[in-house]
Amino acid sequence: MILFSAAYRLFFPAAGLFAAGVIPLWLVIFSTGNSDLFDPLGWHMHEMLFGFLPAALAGFLLTAIPNWTGRPALTGAPLAILFALWLAGRILLFAFSHAYGTEFIALSFLPLLALIAGRDILMARNRRNYAVVALILALWFAQGVFFFVDNDLGASIGLAVSLVLMALIGGRVTPAFSRNWLKKRAGTTLPAPFGLIDRAALSLTTLAALSWSLSGPGTATGTLSGVAALTLAVRLARWKAWHVKREPLLLAQHAGFAWLVIGTGLLALHSLTDLATMAQVRHAIGAGAVGTITVIVMLRAILGHSGRPIDGTTLDWVLLIALHLGAVLRVSSGWFGEPMALLHASGALWSLGMTLFVIRIIPIALAPRV
């Protein structure tokens, strides 16, 4: 079956479908207050952070690692089993949340993904990507904290890990793909090469994430986050987004990285002042950075690995704008006294963006490689 011939064919549409469906469902639950779930808010946080993101990660890593290492890709029955485990976690947490062992089944996906990815990376001595495996395990740890210690603490650690993960992956692919595109256009200034600013931005983001995880919002977290936001902004400016503004699949990478600047900036504001709420921080990192960066990485990956041109279309412009507008409205709603209209509008736009993403990639996932 063609779906089990490559991880991107299976996990990318599943991640998009899941995100597109979960947000409207959450809005209905939130609006009516009627649910048999153990904790509707906890379910919402868990499923976006430990449901959607791991699916996107699995599709990306299991597609990219063979290129990184020269090792064979995971296909067939092993891939089907891994996907079934992810799907089982989603079904059980929604329909059978009180059943014994549900949390352990949901917890089993990330360590298995880390084992599969880590095996190939270690065997190939691909040291550059050891950090990716470590971050998967850190995300798994956050999920365990979420289930067995405290929902809020687990969500904060998970978002802190996601912040570093997006800074790492986004910081690699955004300037690299922009540079490759611009090289074909003579006379255009290329993005700055990796250097001191990039190392400082990644280090400060990691320190801010550690401070947030270990001590929560406070002076240390606020100071580190503020400095991290500034260095991330400088780093982003050095990639010269204005030179790729005509290509949506490149401009969207820069826009996704900008959410890391916004997220760390809001974390600084929340930690040092009362000008931002934790909900705004979480949605800037979650709906903004994680949502938009994963979609653009998945879209570029499925186009490239299916042998198709990595060129944007009108549909890409629409779906990416919908995702960003949805994130903007969700974050902005925290500054309004009656946010319900903005909450519903943001959810509708973000879900629309994910739906259009699925419409865009399903024909590619089901078709042979060009």
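W26 is buried, at a relative accessible area of 11% (buried means under 20% relative accessible area, exposed over 50%, partly exposed in between, with a 1.4 Å probe and protein chains only). F30, at 39% relative accessibility, is partly exposed. Both W26 and F30 belong to helix α1, four residues apart, about one turn of the helix. Helices (H or I, at least four residues) are DSSP runs, numbered from the N terminus.

This is a predicted model, in which local features need pLDDT of at least 70 and side-chain atom pairs count only at pLDDT 80 or more, while totals for chains, interfaces and linings use all residues. Residues are numbered from 1 along each chain as its sequence is written, and side-chain values use heavy atoms, with hydrogens and water left out.

## Aromatic pairs and a cluster

A pair of aromatic rings is described by the distance of the centres and the angle of the planes. The structure contains 13 aromatic pairs. W26 and F30 are one of them, a tilted pair with 5.3 Å from centre to centre and 40° between the planes. Rings of Phe, Tyr and Trp (its six-membered ring) pair if their centres lie within 6.5 Å; planes under 30 degrees apart count as stacked, over 60 as edge-to-face and the rest as tilted.

F146 and F147 make an edge-to-face pair, 6.1 Å centre to centre with 85° between the planes. F146 and F147 are both buried. One aromatic cluster is formed by F11, F18, F83, W86 and F109.

## Packing of α1 against α11

Two packed helices are described by the angle between their axes and the distance between the axes. For helix α1 (residues 7–32) and helix α11 (residues 278–305), the axes come within 11 Å and cross at roughly 150°. α1 is therefore roughly antiparallel to α11. Axes are lines fitted to C-alpha atoms, for helices over the stretch in contact, and angles run from 0 to 180 degrees between N-to-C directions; those under 35 degrees count as roughly parallel, over 145 as roughly antiparallel, 65 to 115 as roughly perpendicular and the rest as oblique.

On the α1 side, Y8, F12 and A15 meet M298, A301, I302 and H305 of α11. By class, this contact of α1 with α11 has six nonpolar residues, one polar and no charged ones. Ala, Val, Leu, Ile, Met, Phe, Trp, Tyr, Cys and Pro count as nonpolar, Asp, Glu, Lys and Arg as charged, and the others, Gly among them, as polar.

## Loop residues

The loop between α5 (109–123) and α6 (130–148) holds R125. R125 has a positive phi of about 55° although it is not a glycine, and R125 is exposed, with a relative accessible area of 63%. N126 is found in the loop between α5 and α6. N126 is buried at 15% relative accessibility. Neighbours within four places in sequence aside, N126 is in contact (heavy atoms within 4.5 Å) with W68, T69 and I121.

K240 lies in the loop between α9 (219–237) and α10 (248–272). K240, which is not a glycine, has a positive phi of about 55°.

## The segment after α13

V370 sits in the segment after α13 (340–365). V370 is exposed, with a relative accessible area of 66%. From C-alpha to C-alpha, V370 and G307 are 4.9 Å apart in space, yet 63 residues apart in sequence. Leaving aside neighbours within four places in sequence, V370 is in contact with S306, G307 and R308.

Key
Helix = DSSP H or I, 4+ residues; strand = E, 2+ residues; numbered from the N terminus.
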